Amino acid sequence: MTGGEAYKQKLLTDDALDAAISAYLADPSKPVSVEVGKGSIDVAAAVMAHAYAVEVLAREGVTGPQQRHAVRTAVLLATVG
């Protein structure tokens, strides 16, 4: 199951997703995971596995909403472990 599938099934809430994204963007060096049912998604691992997110976060001049969208996309495409 991916984060997106869990989101559609309401196993991953907007509040949990937003909190995980905010925590990751506040300090990417700290471990952040989002709980999904009995599993979880490691936000840093999801970002590193998603080339678009890596590229957006490395670019200078990227806005906050663009960063949030890139991390959100990576989490929703990640596999729940």
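Helices (H or I, at least four residues) and strands (E, at least two) are DSSP runs, numbered from the N terminus. This is a predicted model, in which local features need pLDDT of at least 70 and side-chain atom pairs count only at pLDDT 80 or more, while totals for chains, interfaces and linings use all residues. Residues are numbered from 1 along each chain as its sequence is written, and side-chain values use heavy atoms, with hydrogens and water left out.

- Lys10 lies in the loop between helix 1 (3-8) and helix 2.
- Lys10 has a positive phi of about 65° although it is not a glycine.
- Most residues other than glycine have a negative phi.
- Lys10 is exposed, with a relative accessible area of 69%; exposed means over 50% relative accessible area, buried under 20% and partly exposed in between (1.4 Å probe, protein chains only).

**Nonpolar core**

- A nonpolar core is a set of buried Ala, Val, Leu, Ile, Met, Phe, Trp, Tyr and Cys residues joined through side-chain atoms within 4.5 Å.
- The largest such core has 23 residues, and those with the most contacts inside it are Leu12, Ile41, Val43, Val47, Val71 and Val75.
- At least two residues of this core come from each of helix 2 (14-26), strand 1 (33-36), helix 3 (43-48), helix 4 (51-58) and helix 5 (64-77).
- Helix 5 gives the most to this core, with five residues.
- Not counting residues up to four places away in sequence, Val43 touches Ala20, Tyr24, Val32, Ser33, Val71 and Val75; contact means heavy atoms within 4.5 Å.

**Helix 2**

- Helix 2 has 13 residues and reaches 18 Å from its first C-alpha to its last, close to the 18 Å expected at 1.5 Å a residue; the expected span is 1.5 Å times one less than the number of residues.
- Its buried residues are Leu17, Ala20, Ile21 and Tyr24.
- Seen down the axis of helix 2, these buried residues fall within an arc of 100°, so they line one face of the helix; the arc is that of the directions from the helix axis to the C-beta atoms.
- On the other side of helix 2, Asp15 and Ala26 are exposed.
- Strand 1, helix 3, helix 4 and helix 5 are among what covers the buried residues of helix 2.

**Gln67**

- Gln67 is found in helix 5 and counts as partly exposed, at 25% relative accessibility.
- Gln67 and Ile21 are 46 residues apart in sequence and 9.2 Å apart in space, C-alpha to C-alpha.
- Leaving aside neighbours within four places in sequence, Gln67 is in contact with Leu25, Leu57 and Val62.
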